[in-house]
Every structure is written in C-alpha cells, then in structure tokens.
Amino acid sequence: MPDNRDKHITISVGYEGELYTIETYPNEYRSLMMLIYDKIGPEDFGDCLGMGRCGTCLVRIIESPGRLSCFDRNEDTTITRAGISDKTVRLACQVEVDKELDGLQVEVCDK
Ligand code: FES
C-alpha cells in the first residue's frame with residue numbers, strides 16, 4: 001500500500017486575524033473542513049459533518065494554485081440559501097484533500 005506521508009501539502013488558513021500554516025498529506029483528512037476543524041477548531045464549524053447542508057464551514061479562497069477536487073454534495077444549494085453570491089466562497093467540507101491543495105490560501109468566513 002503506497003504511503004502518501006512524504007507528499008507534503010502546505011496550506012494557509014486565516015481565522016479571526018491569525019494566519020495558520022498547516023502541513024498535511026493526501027488523504028490524511030477526508031475534506032478541508034475536517035482538516036481545519038482538527039488543526040484550528042473554529043467554533044460551530046462543520047455542524048453537519050460534511051453533508052453540505054449546514055453552511056457552517058464556509059471559507060473564502062484567497063489563492064488556489066491547483067484545481068480543487070470537490071465532492072459536489074449540495075454545495076450550490078447551501079451557498080445560495082445562505083445568500084452568498086461571491087464565487088470565491090466555498091464549503092470546506094466539499095473540498096478534497098489532495099496534492100492540488102498545495103499552496104492553497106483560504107480564510108474562514110465570519111458567521
Ligand atoms: S459541514 Fe455542513 S455544509 Fe459543510
């Protein structure tokens with residue numbers, strides 16, 4: 001079984017005025033939401049555990065060097081229901097953690 005641990009992914013996450021640099025590797029976390037939840041633990045983040053329905057895992061994409069892979073579960077509906085038209089805002093639970101995330105910069109959206 002291949003070991004992905006040497007394939008480092010570095011992402012930057014802004015949250016409440018702090019900038020966090022996080023290292024991971026492919027498939028360490030199921031989604032960007034799970035990674036942010038585990039490493040930073042924003043309050044009330046990821047309430048539906050990744051079903052794409054609660055809208056509590058909103059992040060703004062600041063810089064994305066790679067093409068994001070997404071699960072596409074309810075994302076458009078949930079973001080529209082939240083009244084957000086900014087196309088740089090995504091549900092972190094729908095973003096897969098793969099090598100395309102290397103160099104990603106995001107900001108956790110205010111509630
Ligand atoms: S965790 Fe609920 S929409 Fe992402």
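Guide: A definition to begin with: Ala, Val, Leu, Ile, Met, Phe, Trp, Tyr, Cys and Pro count as nonpolar, Asp, Glu, Lys and Arg as charged, and the others, Gly among them, as polar. Also, this is a predicted model.

Visitor: OK. By class, what does the lining of the largest pocket have?
Guide: Three nonpolar, two polar and five charged residues.

Visitor: Which residues line the largest pocket?
Guide: The lining consists of Glu75, Asp76, Ile79, Thr80, Ile84, Ser85, Asp86, Lys87, Val89 and Arg90.

Visitor: And what volume does the largest pocket have?
Guide: About 180 Å³.

Visitor: Where does the largest share of the lining come from?
Guide: From H2, with four residues. Helix H2 (75–81) and strand S4 (89–91) each supply at least two residues of that lining.

Visitor: What about Ala82, where does that lie?
Guide: Ala82 is in the loop between H2 and S4.

Visitor: Why is Ala82 called partly exposed?
Guide: Because its relative accessible area is 47%, and partly exposed covers what falls between buried, under 20%, and exposed, over 50%.

Visitor: How far apart are Ala82 and Thr56 in space?
Guide: They are 9.9 Å apart, C-alpha to C-alpha, with a separation of 26 residues in sequence.

Visitor: How many bridges join S1 to strand S2?
Guide: Seven, and S1 and S2 (residues 18–24) run antiparallel. Within this pairing, Ile11 stands opposite Ile22 in S2.

Visitor: What do S1 and S2 form?
Guide: A hairpin, with two residues between the strands. In the turn, Glu16 has a positive phi of about 50 degrees.

Visitor: And S1 with strand S5, parallel or antiparallel?
Guide: Parallel: three bridges join S1 to S5 (residues 105–108). Ser12 has Gln105 as its bridge partner in S5.

Visitor: Now rings. How many aromatic pairs does the count come to?
Guide: Zero, under a rule that asks for ring centres within 6.5 Å.

Visitor: Which ring does the charged end of Arg30 sit over?
Guide: The ring of Phe71, at 4.8 Å from its centre. The charged end of Arg73 also sits over the ring of Phe71, 5.4 Å from the centre.

Methods:
Residues are numbered from 1 along each chain as its sequence is written. This is a predicted model: local features need pLDDT of at least 70, side-chain atom pairs count only at pLDDT 80 or more; totals for chains, interfaces and linings use all residues. Side-chain values use heavy atoms; hydrogens and water are left out. On a 1 Å grid over the protein atoms alone, a cavity is a set of points where a 1.4 Å probe fits but cannot get out, and a pocket is an open set with protein on both sides within 12 Å along at least five of seven lines; lining residues have an atom within 4 Å of a point. Grid points are joined across faces, edges and corners, and a volume is the space filled by probe spheres set on the points. Buried means under 20% relative accessible area, exposed over 50%, partly exposed in between (1.4 Å probe, protein chains only). Two strands pair if DSSP finds at least two bridges between them. Rings of Phe, Tyr and Trp (its six-membered ring) pair if their centres lie within 6.5 Å; planes under 30 degrees apart count as stacked, over 60 as edge-to-face and the rest as tilted. A charge sits over a ring if NZ of Lys or CZ of Arg is within 6 Å of the ring centre and within 35 degrees of the ring normal.
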